[in-house]
Amino acid sequence: PNICKSIHLPAQSGSSNVLKLMRRGYTREAYLDLVKRIYTMLPGAELSSDFISGFCGETDDDHKQTVSLMKKVGYAQAFMFAYSQREKTHAHRKLEDNVPNELKLQRLQEVISAYRSGAEEAARNQIGKYHLVLVEGPSKKNEKVWQGKTDGLRRCMFDPQPQNFINEPSELERIINGQNHTNDADTNPNKRRPVGIGEYVLVQVTEATPSTLYTNLLAITTLSTYATLSANA
């Protein structure tokens, strides 16, 4: 429970040739091996990354390898930019900025498109899932809607005063262990209390976009309770 499932793993490029020119110190194969190890050791991990399109000497094949890496890994978030040369860097001193700006922007759009396609599919797969969320407080756009973050750093929106609210520990355990909650669960409104900033809540996703999960609040819990019940699954 002390390790969040959000890891920023900058790639910059999917081509070993470009990575060598960037002096990144790793290859495409080594990067993918690390990704595989993360997903194996931390199931459900959410990865974010950085990408640069049109670096010095980047070929069409290099670019295609970056697009394929984006599709293969499936990032939860990505920061993507066209290359612009900066003074006092190795690239500025030793390399030629030889990719036309128009081509840089075209490649960047293709990288962005690949990211969005994967992110939209990942968002659709979130619908129906349950998450433990750290409550941050009211949304800046609508104070009647509250927001928080999953341990994968996905933003969740929810009604802090839901009609149905689970009070039974056994029912909470059922949900954490991957079972749907029952319709006859104890949802007595007299047992509800306000949700507080800094608390943990259990939510279920009803709608999703690549950047935001829209959810139903099911229960107030704690990190230790959630971890204990999850360990018993």
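Mentor: A residue is buried under 20% relative accessible area, exposed over 50%, and partly exposed in between (1.4 Å probe, protein chains only). The model is predicted: local features need pLDDT of at least 70, side-chain atom pairs count only at pLDDT 80 or more, and totals for chains, interfaces and linings use all residues. Residues are numbered from 1 along each chain as its sequence is written, and side-chain values use heavy atoms, with hydrogens and water left out.

Trainee: What makes the pair of Asp 61 and Gln 65 a polar contact?

Mentor: A polar contact is a pair of N or O atoms within 3.5 Å; within protein, one must be able to donate a hydrogen and the other to accept it, and residues adjacent in sequence count only if both atoms are side-chain atoms. The side chains of Asp 61 and Gln 65 are joined at 2.9 Å, which is within that limit, so the pair qualifies.

Trainee: How do you know whether Gln 126 is buried or exposed?

Mentor: Gln 126 has 8% relative accessibility; that value is under the limit for burial, so Gln 126 counts as buried. The residue is located in helix α5 (residues 101-126).

Trainee: Which residues does Gln 126 touch, not counting residues up to four places away in sequence?

Mentor: A contact means heavy atoms within 4.5 Å. Gln 126 touches Glu 46, His 131, Arg 154, Val 205, Ala 208 and Leu 213 once residues up to four places away in sequence are set aside. With His 131, Gln 126 also makes a side-chain polar contact of 2.6 Å.

Trainee: What makes Glu 46 and Arg 154 a salt bridge?

Mentor: A salt bridge is a side-chain nitrogen of Lys or Arg within 4 Å of a carboxyl oxygen of Asp or Glu. The closest N and O atoms of Glu 46 and Arg 154 are 2.7 Å apart, so the pair meets the criterion. Glu 46 lies in strand β2 (residues 46-53) and Arg 154 in the loop between β5 (146-150) and β6 (155-158), so parts 108 residues apart in sequence are tied together. Both Glu 46 and Arg 154 are buried.

Trainee: How many salt bridges does a search of the whole structure find?

Mentor: The search finds 5 salt bridges. One of them joins the side chains of Asp 60 and Arg 107 at 2.7 Å, N to O. This pair links distant parts of the chain, with Asp 60 in helix α3 (residues 60-73) and Arg 107 in helix α5, 47 residues apart. Asp 60 is partly exposed at 49%, whereas Arg 107 is buried at 3%. Glu 58, Asp 60 and Arg 107 are linked in a network of salt bridges.

Trainee: Why are Lys 149 and Glu 136 said to meet in a salt bridge?

Mentor: Their N to O distance is 3.2 Å, within the limit, so the pair counts. Lys 149 is in strand β5 and Glu 136 in strand β4 (residues 130-138), 13 residues apart. Lys 149 has a relative accessible area of 26% and Glu 136 one of 35%; each is partly exposed.

Trainee: Which residues have the most contacts inside the largest nonpolar core?

Mentor: A nonpolar core is a set of buried Ala, Val, Leu, Ile, Met, Phe, Trp, Tyr and Cys residues joined through side-chain atoms within 4.5 Å. The largest has 23 residues, and Tyr 31, Phe 51, Leu 69, Met 70, Val 73, Tyr 75 and Met 80 have the most contacts inside it. The elements that give two or more residues to this core are α2 (28-41), β2, α3, β3 (77-82) and α5. Helix α5 gives the most, with 6 residues. Apart from this core lies another, of 12 residues, among them Val 133, Trp 146, Phe 158 and Val 201.

Trainee: What pLDDT does the protein average?

Mentor: The average is 87, and 84% of the residues score at least 70; pLDDT is the predictor's confidence in each residue, from 0 to 100. Over residues 183-187 the pLDDT is below 50, and this stretch has 11 contacts in the model beyond near neighbours in sequence. Where pLDDT is low, the predicted coordinates should not be read in detail.

Terms used. Helices (H or I, at least four residues) and strands (E, at least two) are DSSP runs, numbered from the N terminus.
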